[in-house]
Amino acid sequence: MHVFYTPDIISDDYVLNEDESRHCIKVLRLNIGAEVYLIDGVGGLYKAAIVGQTKRNVELKVLEATHNYNKRNHRLHIAIAPTKNIDRLEWFLEKATEIGIEEITPIICDRSERRVVKEDRLVKVVTSAVKQSLQAYHPIVNPQINFSDFLKIENTTNRMIAHCIDESPRQYISQIAEPHQNYTILIGPEGDFTPMEIDLALQNGYKPLTLGNTRLRTETAALAACFEVNYLNR
């Protein structure tokens, strides 16, 4: 099954952009008559056939359209401190997209080892994972933002901050939130959030969260949160 990401599709006739056309012709070696799938990133899944080809363009005709394909019964937003090794953050983005997530925001914290991320690169990773896993919804990847600024703009009902301070009372996701709701979860850098950041989050309505008894890497903690939320909403 060959899948192409076509966010600008608006009719039954569609022409792949030059990059996707080249991939279709040169890499996949698909010819006229071959059937492919298109996803628009907002719930549309389309079965289409190749009806024309040039060296730079592939013309498609939509045969079937499905809307709200595999629409989820909840919404998950992970705000994560970028890892020093960017490959680890990209790994999280890939796996979280495959599992299911709606929004990701890189947050810059006091202990962040990486303070700059390339948004376009992260979007490419997510798009590739969307196509690989046949997700009709493309997760939103927001520009990086400072931790304190993020707290000012995020107003999801179920807001949680995962941290590792044992002396502070924390609960599991299943103890904090009910199924079929919207969730925002903060995941800190390798050195954890500072006590001041945790206090600030609590003052802004975030509830303290634990992801288990072991100390997890940033990307592992974020993926564990995805698993828990999806299990809660199974």
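Two strands are taken to pair if DSSP finds at least two bridges between them. Helices (H or I, at least four residues) and strands (E, at least two) are DSSP runs, numbered from the N terminus. The model is predicted, so that local features need pLDDT of at least 70 and side-chain atom pairs count only at pLDDT 80 or more, while totals for chains, interfaces and linings use all residues. Residues are numbered from 1 along each chain as its sequence is written, and side-chain values use heavy atoms, with hydrogens and water left out.

Five strands form an open sheet in the order S1-S3-S4-S5-S2, with mixed pairing. Strand S1 (3–5) and strand S2 (13–15) stand at the edges with a single partner strand each, so one side of each has no neighbour in the sheet. Direction ignored, neighbouring strands of this sheet are turned by 40° against each other on average; axes here are lines fitted to C-alpha atoms, for helices over the stretch in contact, and angles run from 0 to 180 degrees between N-to-C directions.

S3 and S4 run antiparallel and are joined by five bridges. Tyrosine 37 stands opposite lysine 47 in S4. The hairpin of S3 and S4 has five residues between the strands, and glycine 41 in this hairpin takes a positive phi near 85°. S4 and S5 are also antiparallel, joined by eight bridges, and form a hairpin with four residues between them. Leucine 45 has threonine 66 in S5 as its bridge partner.

H1 touches S1, S4 and S5, and its direction makes about 170° with that of S1. H3 touches S1 and S3, and its direction makes about 145° with that of S1.

H3 is also in contact with H2. Two packed helices are described by the angle between their axes and the distance between the axes. The axes of H2 and helix H3 (residues 119–133) come within 8 Å and cross at roughly 35°. The crossing of H2 and H3 is right-handed; a crossing has this hand if the near helix is turned clockwise from the far one by less than a right angle, and is left-handed if anticlockwise. Among the residues that meet are Leu89, Leu93 and Thr97 in H2 and Leu122, Val125 and Ala129 in H3. The residues of this contact divide into seven nonpolar, three polar and four charged. In this division Ala, Val, Leu, Ile, Met, Phe, Trp, Tyr, Cys and Pro count as nonpolar, Asp, Glu, Lys and Arg as charged, and the others, Gly among them, as polar.

Side chains of opposite charge can pair when their charged atoms come close. With a salt bridge defined as a side-chain nitrogen of Lys or Arg within 4 Å of a carboxyl oxygen of Asp or Glu, the count comes to 13 salt bridges.

Lysine 47 and glutamate 35 meet in a salt bridge at 3.4 Å, N to O. Lysine 47 lies in strand S4 (residues 45–53) and glutamate 35 in strand S3 (residues 35–39), so this pair ties together parts that are twelve residues apart in sequence. Lysine 47 is partly exposed at 22% relative accessible area, and glutamate 35 is partly exposed at 45%. The salt bridge of arginine 88 and glutamate 190 has an N to O distance of 2.4 Å. Arginine 88 lies in helix H2 (residues 86–99) and glutamate 190 in the loop between strand S11 (182–187) and helix H6 (195–203), so this pair ties together parts that are 102 residues apart in sequence. Arginine 88 is buried at 18%, whereas glutamate 190 is partly exposed at 34%. Salt bridges that share partners join Glu18, Asp19 and Arg22 into one network. Within helix H1 (residues 18–27), arginine 22 and glutamate 18 are four residues apart, about one turn of the helix.

Methods
Buried means under 20% relative accessible area, exposed over 50%, partly exposed in between (1.4 Å probe, protein chains only). Contact means heavy atoms within 4.5 Å.
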